[in-house]
Each structure stands twice: as structure tokens, then as C-alpha cells.
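Please keep the sequence and the 3D view at hand while reading.

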Amino acid sequence: MSETAKQSEQEVLFTQVGRVAVITLNRPQALNAWTIAMRELIIDALERFNADESVAAVIMTGAGRAFSAGQDLAEAKHFDGDTAIEWIKGWEHYYDVIRSLKKPLVMALNGTAAGSAFQVSLLGDIRVGHPGVRMGQPEINAGIASTTGPWIMNHMLGLSRTIELTLTGRLMEADECHRLGLIHHLVPEDKVFEKAMEIAAELAEKPPVAMRLDKQRFREMTEGTFQDAIAAGMRIQRESYESGEPARMMAAFFAKRAAKAEAAKA
């Protein structure tokens with residue numbers, strides 16, 4: 001196994017408590033921003049849990065102070081039009097695996113869920129968070145156009161709020177997320193995982209055929225618009241990355257971060 005593969009394995013942890021499998025994003029120094037390698041590990045685990053009769057529910061959470069900052073921009077800054085299309089195909093696979101999960105998926109939001117992590121959290125069935133959680137779709141601030149984000153936000157929130165969140169790139173505070181129904185349970189920070197485990201264990205005892213069929217129907221209800229979002233994503237992300245704007249915006253972001261780090265040393 002390569003050193004890169006070993007590192008990726010350490011950046012996503014897998015455990016099982018009773019009939020509940022737990023996925024923990026374990027890259028706290030980078031706010032659990034995920035790379036393609038991490039995403040592939042999660043996909044493999046979800047497919048494995050889906051086929052494992054000893055697993056009846058899944059929890060996804062993060063280590064440290066964030067659930068996930070979404071895509072690692074250090075990886076995305078090198079994209080061009082062609083790699084952007086392959087990137088979208090990867091997200092299609094990831095989202096399809098989550099949407100095809102026969103078992104309930106509970107999101108234990110230990111902190112911020114931004115960008116693609118916001119979208120993944122919304123693909124979960126039930127979300128538990130605390131008052132410090134922030135959620136949103138800040139891609140526009142990095143010069144990245146949004147397609148899958150508006151797709152799921154539109155289903156959850158309607159077009160008016162989707163437009164506002166997409167174009168401003170702002171992150172919603174936990175109380176707003178709770179009020180809008182994006183966070184189902186708002187509990188103290190040290191109770192998030194405990195509450196998520198309580199819910200997952202309860203769901204694990206539900207009749208499995210009914211659970212599978214209910215989740216199958218949820219997927220069917222949104223499949224047409226999902227496929228449209230993926231097709232639009234390939235077209236739009238190619239144009240976006242070929243324009244060079246994401247690369248310029250991300251270069252400015254990294255320059256600003258480096259300057260801030262240097263200033264902190266002084």
C-alpha cells in the first residue's frame with residue numbers, strides 16, 4: 001500500500017457500535033475537507049455497510065471542530081475543463097451511493113458543514129447538530145459555480161432561499177438551520193454524537209423491508225432532477241474552470257492564508 005493510501009485511510013475512520021456503523025472524517029487540521037481518495041474510502045464503506053446484514057444504520061460525523069469544509073481546494077485549484085467533468089462524475093457516484101443506501105443515515109454534525117459537505121449532510125436522513133454548527137453553500141466565494149448544491153437546496157428549501165444562499169455564499173447559523181428543518185435535533189455540543197447514536201439505534205430496529213422501500217421511494221422522487229443537475233454540472237463546471245476564474249480565486253485564497261500564517265509567526 002502506498003503512503004498516500006495509508007494516509008487516506010487514517011483520514012477516514014470506521015467503527016461499529018452494535019448494529020450502527022460509524023464513519024468519522026478524521027482530518028481536523030484541514031476542517032475535514034475531503035480529497036478524492038477520502039471520498040473513495042467513504043464510497044467503499046457505504047457499499048460495504050449496505051451489503052452487511054450486521055449493519056442496520058449508519059452515522060457520519062467529523063473529528064475536531066468541523067463536520068467538513070467540503071472539497072479540499074488544494075486539490076481543486078489544479079482542475080481544468082476536462083478534470084472538472086471527471087470531478088463531477090466522481091460526485092455523481094458518491095451521491096448515488098448515498099441515495100441508494102437501504103439503511104438510515106444519520107448525520108452527527110459536530111461543526112460546520114460547507115459546500116459539498118453541506119450537500120452530503122442534506123443527503124442524510126436525519127441531522128443532529130449543536131448551536132455552533134454553520135451550514136451553507138459558499139462555492140461562489142471561491143469562483144466555483146454551483147449545480148448539485150442548488151439541486152438539493154431547491155428540494156429542501158424552495159427556489160427563493162436557494163437563490164439567496166447560492167449567490168451570497170453565506171453560511172447559516174444553527175438556529176436558522178433548525179428553524180428551516182435542515183437540522184432536526186439541536187442539542188448541546190457534547191451531546192451530538194450521543195443523540196445521533198440514540199436515533200440511529202432506534203432506526204436500526206425498524207422493519208428493514210419498509211425502511212428500504214421508503215428510502216427507495218425518496219430516491220425515485222428526486223432522480224430526474226438529480227440526473228439533470230449532474231448533466232448541468234458537467235456543462236457548467238467545464239465552462240467555469242476553462243474561464244480560469246476558480247484558479248484565480250483559489251490562488252488569491254491561498255495567498256491570503258499564507259500571509260495570515262506569516263503574520264501570526266511574527
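The side chains of Asp82 and Arg238 meet in a salt bridge, with 3.0 Å between N and O. This pair connects distant parts of the chain, since Asp82 belongs to helix 4 (residues 81–99) and Arg238 to helix 10, 156 residues apart. The model in view is a predicted one. Side chains of opposite charge can pair when their charged atoms come close.

- Across the whole structure, a search finds 17 salt bridges.
- In the pair of Asp82 and Arg238, Arg238 is partly exposed, because its relative accessible area of 29% falls between the limits of 20% and 50%.
- Arg19 forms a salt bridge with Glu205, and their closest N and O atoms are 3.6 Å apart.
- This pair also links distant parts of the chain: Arg19 lies in the loop between strand 1 and strand 2, whereas Glu205 lies in the loop between helix 9 and helix 10 (208–242), 186 residues apart.
- Arg19 has a relative accessibility of 37% and therefore counts as partly exposed.
- Glu205 has a relative accessibility of 58% and therefore counts as exposed, the cut-off being over 50%.

- Lys89 and Glu86 form a salt bridge in which the closest N and O atoms are 3.4 Å apart.
- Because these two residues, Lys89 and Glu86, are three residues apart in helix 4, about one helical turn separates them.
- Both partners are partly exposed: Lys89 has a relative accessibility of 38%, and Glu86 has a relative accessible area of 49%.

- Six strands form an open sheet in the order 1-2-3-5-7-10, and their pairing is mixed.
- Strand 1 (12–17) and strand 10 (185–186) stand at the edges; each has a single partner strand, so one side of each is left without a neighbour in the sheet.
- Strand 2 (residues 20–25) and strand 3 (residues 57–62) run parallel and are joined by six bridges.
- Leu25 stands opposite Gly62 in strand 3.

- Lys191 is found in the loop between strand 10 and helix 9 (192–204).
- With a relative accessible area of 37%, Lys191 is partly exposed.
- Lys191 and Ala108 are 83 residues apart along the chain, and their C-alpha atoms are separated by 9.8 Å.

Notes:
Residues are numbered from 1 along each chain as its sequence is written. This is a predicted model: local features need pLDDT of at least 70, side-chain atom pairs count only at pLDDT 80 or more; totals for chains, interfaces and linings use all residues. Side-chain values use heavy atoms; hydrogens and water are left out. Two strands pair if DSSP finds at least two bridges between them. Helices (H or I, at least four residues) and strands (E, at least two) are DSSP runs, numbered from the N terminus. Buried means under 20% relative accessible area, exposed over 50%, partly exposed in between (1.4 Å probe, protein chains only). A salt bridge is a side-chain nitrogen of Lys or Arg within 4 Å of a carboxyl oxygen of Asp or Glu.
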